[in-house]
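This briefing is meant for a reader meeting the structure for the first time. Please keep the sequence and the 3D view at hand while reading.

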Amino acid sequence: MYRDVSSLNTYNYGDALYWDARYVQEAGSFDWYQRYSSLRPFVRHYIPTSSRVLMVGCGNALMSEDMVKDGYEDVVNVDISSVAIDMMKRKYEHAPQLSYMQMDVRDMSIFHDESFDGVIDKGTLDSLMCGNDAPVSAAQMLGEVSRLLKPGGIYLLITYGDPKARIPHLSHPVYNWKIVLYIIPRPGFQRPAGVSSSKSHLEPVPLTEQGLIPSDFVIEDPDSHFIYVCKKMDEGAAW
């Protein structure tokens, strides 16, 4: 018997039972935050179509399907919810470019070190940050992501967390990441009439030495999403 989702609070976001119940009630496809069409410029720029890509917290989103339509050849999808994974396995059983596995992103030991060229996270770290033992859960997940990335590989994080909330978790020296930040407005955002801007969300945001947004930088949409491009560095690696 599944619990009523309405009785579950944010502290269940790291709990498979919460997500199983939610996907039972919401069986249709849903993309958190942004659809692939909005994220495509970033994905295509940093992750070649020949890459082996890991989608963490895939849920029932269309993101991976859209990537395959755009030429990606190998997208591995994991989610803590067996309900979501079973649903997606059935839906894409005839799509050899897509595979689905039930897994907790805090322990992905089934995969060998340096197994992936790219890891994409659209809201999964945010979910862990809303749950119990958030700093521990975040460190476990990010440690696994770092372990699974090949040198030169990319962790693409789409989040509501601004640098003050995310950089402390992303910047641990053990991950050995170089981080570039973009800010993208929420879907449907319109500037007020008569207001123009020379800013492009396709341009990276300048950061201070502390990895924060400069105090004079204006974020036009208060509900923007932040895109962190974390490149796993090694000796000789460069942008």
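What follows is an overview of the chain, and then notes grouped by topic.

The model described here is a predicted one. The chain has 239 residues, of which 47% count as buried, and its secondary structure comes to seven helices and seven strands. Read along the sequence, these elements follow the pattern α-α-β-α-β-α-β-β-α-α-β-α-β-β.

**Overall picture**

**Nonpolar cores**

- The largest nonpolar core has 31 residues, and those that touch the most other members are Leu-54, Met-108, Phe-111, Tyr-155 and Trp-177.
- Helix α6, which spans residues 134–148, gives the most to this core, with five residues.
- Another core, of 30 residues, lies apart from the largest one and has Tyr-36, Tyr-46, Cys-58 and Val-75 among its members.
- Once neighbours within four places in sequence are left aside, the contacts of Leu-54 include Val-76, Val-78, Met-108 and Phe-111, and Phe-116, Gly-118, Val-119, Ile-120 and Leu-148 are also in contact with Leu-54.

**Helix α2**

- In helix α2, made of residues 36–46, the residues Tyr-36, Leu-39, Phe-42, Val-43 and Tyr-46 are buried.
- Seen down the axis of α2, these buried residues fall within an arc of 125°, and therefore they line one face of the helix.
- The exposed residues Ser-37 and His-45 are carried on the face of α2 that is turned away from its buried side.
- The cover over the buried residues of α2 includes α3, β4, β5, β6 and β7.
- The structure holds seven aromatic pairs, and ring pairs link Phe-42, Tyr-46 and Tyr-182 into a cluster.

**Helix α7**

- In helix α7, made of residues 163–170, the buried residues include Pro-163, Arg-166, Ile-167, His-169 and Leu-170.
- The buried residues of α7 line one face of the helix, because they fall within an arc of 165° when seen down its axis.
- Among the elements that cover the buried residues of α7 are α5 (124–129), α6, β5 (149–159), β6 (177–184) and β7 (225–232).
- The N-terminal end of α7 is capped by Asp-162, with a side-chain oxygen 3.0 Å from the backbone nitrogen of Lys-164.

- Glu-65 lies in helix α3, which spans residues 63–69, and Glu-65 counts as buried because its relative accessibility is 17%, under the cut-off of 20%.
- Neighbours within four places in sequence aside, Glu-65 is in contact with Lys-91, Tyr-92 and Leu-98.
- Glu-65 and Ala-95 are 30 residues apart in sequence, and their C-alpha atoms are 8.9 Å apart in space.
- In helix α4, made of residues 82–91, the residues Val-83, Ala-84, Ile-85, Met-87 and Met-88 are buried.
- Ser-81 caps the N-terminal end of α4, where a side-chain oxygen lies 3.3 Å from the backbone nitrogen of Val-83.

**Thr-124 in helix α5**

- Thr-124 has its place in helix α5, and with a relative accessible area of 12% Thr-124 is buried.
- A polar atom of the side chain of Thr-124 lies 3.0 Å from the backbone oxygen of Val-56.
- Leaving aside neighbours within four places in sequence, Thr-124 is in contact with Val-56, Gly-57, Val-105 and Met-141.

**Loop residues with positive phi**

- Glu-114, found in the loop between β3 (98–102) and β4 (116–122), has a positive phi of about 55° although it is not a glycine.
- With a relative accessible area of 42%, Glu-114 is partly exposed.
- Asn-176, whose place is in the loop between α7 and β6, has a phi near 55°, a positive value in a residue other than glycine.
- Asn-176 counts as partly exposed, at 39% relative accessibility.

Note on methods
Residues numbered from 1 in each chain as written. Predicted model: local features only at pLDDT ≥ 70, side-chain atom pairs only at ≥ 80, totals over all residues. Heavy atoms only, no water. Helix = DSSP H or I, 4+ residues; strand = E, 2+ residues; numbered from the N terminus. Buried < 20%, exposed > 50% of the residue type's maximum accessible area, 1.4 Å probe, protein only. Core = buried A, V, L, I, M, F, W, Y, C linked by side-chain atoms within 4.5 Å. Contact = heavy atoms within 4.5 Å. Arc of directions from axis to C-beta. Polar contact = N/O pair within 3.5 Å; in protein donor to acceptor, adjacent residues only side chain to side chain. Phe/Tyr/Trp six-rings, centres within 6.5 Å; stacked < 30°, edge-to-face > 60°.
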